[in-house]
Amino acid sequence: MKKFSMLALSTFGILAFGADMDTQKQKAAAGELKKTLVGELKAKMNDGSAAAVEFCSKNAMNITDGIAKKHSLNIKRVSEKNRNSKNTPDDSDKKALAQFADAIAKNKKPQEFLVVDGRYYEPLMTNEMCAVCHGKNSDIPKELKDKINQLYPGDRAIGYGIGELRGAIVVW
Ligand code: HEC
C-alpha cells in the first residue's frame, strides 16, 4: 500500500512537473512572438502606418512560423474579429477567448495566461498603437483604410478602443 502511494505520488509529481515545464516553454515562445511582432511593428510605424500594414501582411505569418519552428512548437494568433481568415479561432480557442472576456468583464483584467485543452493562451490587449490599425472606423485615416481593404477585403478587425481584448496568442 505504502509502495503504491509512493509510486502514485511520484508519478503525479512527474506529470505535474512535466505540465509545468510545457507551460514554461510555451510561455517563452509566446513572449518572444509578442516582443518580436510589437518591436517590428513599432519600428515600421516610423515609415508610416500604410507601410506597416504592408509589412504585417507580408511578414506576420512568417515571423510566427519562424518562432514556432525555433521552439519546436505550434503557434498561431486568433481573434473572434480577425483580419486574416487564417487567424479564425476553433472551438478550444473560442473557449479561451470567452474566459478572457469574462475575466475582463468582471475584473477589468484578463488572466495572464490560460491552459485550455492542453494549449497555452496569452491575451492580446489593445493600446494606442493598435488603435491606429484596429481602431474605430472613423479614426482610421482613409489612405490606411484603403490599404487594409485592398490587402484584406473581408477585414473584421476594426472598431476596437484602447484596453480591449484583441485576441490571443496560442501555443501548443
Ligand atoms: C500597422 C497596422 C497595425 C497595427 C499598428 C497593429 N496591427 Fe494587428 N494586424 C495588422 C494586420 C495587417 C494584421 C493581419 C496580419 C496577418 O495577415 O496575419 C493584423 C493582425 C492582428 C492579429 C491576428 C488576428 C487577426 O485579426 O487576423 C492580432 C491578434 C492583432 N493584429 C493584434 C494587434 C495588437 C494587439 C496590436 C497593438 C499592439 C496591433 N495588432 C497593431 C495590422 C496592425
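Two strands count as paired if DSSP finds at least two bridges between them. With that in mind, look at arginine 77, whose bridge partner in β4 is isoleucine 169. Remember as you explore that this is a predicted model.

**The sheet**
- Four strands make up an open sheet, ordered β1-β4-β3-β2, with antiparallel pairing.
- β1 (75-78) and β2 (114-116) are the edge strands; each has a single partner strand, so one side of each is left without a neighbour in the sheet.
- From one strand to the next, the twist averages 30°.
- β1 and β4 (residues 165-171) run antiparallel and are joined by four bridges.

**The helix across the sheet**
- Helix α3 (residues 91-107) lies across β1, β2, β3 (119-125) and β4, and its direction is at about 135° to β4.
- At 1.5 Å a residue, the 17 residues of α3 should span 24 Å, and this agrees with its end C-alpha atoms being 24 Å apart.

- Which residues of α3 are buried? They are Asp93, Ala96, Leu97 and Phe100.
- An α-helix has 3.6 residues a turn, so residues three or four places apart point the same way.
- The cover over the buried residues of α3 includes β1, β2, β3 and β4.
- On the face of α3 turned away from its buried side, you will find the exposed residues Asp91, Asp102, Ala105 and Lys106.

Methods. Residues are numbered from 1 along each chain as its sequence is written. This is a predicted model: local features need pLDDT of at least 70, side-chain atom pairs count only at pLDDT 80 or more; totals for chains, interfaces and linings use all residues. Helices (H or I, at least four residues) and strands (E, at least two) are DSSP runs, numbered from the N terminus. Axes are lines fitted to C-alpha atoms, for helices over the stretch in contact, and angles run from 0 to 180 degrees between N-to-C directions. Two residues are in contact if their C-beta atoms, placed from the backbone, lie within 7 Å. The expected span of a helix is 1.5 Å times one less than its number of residues. A residue is buried if 20 or more other C-beta atoms lie within 10 Å of its own, exposed if 12 or fewer, and partly exposed in between; C-beta atoms are placed from the backbone.
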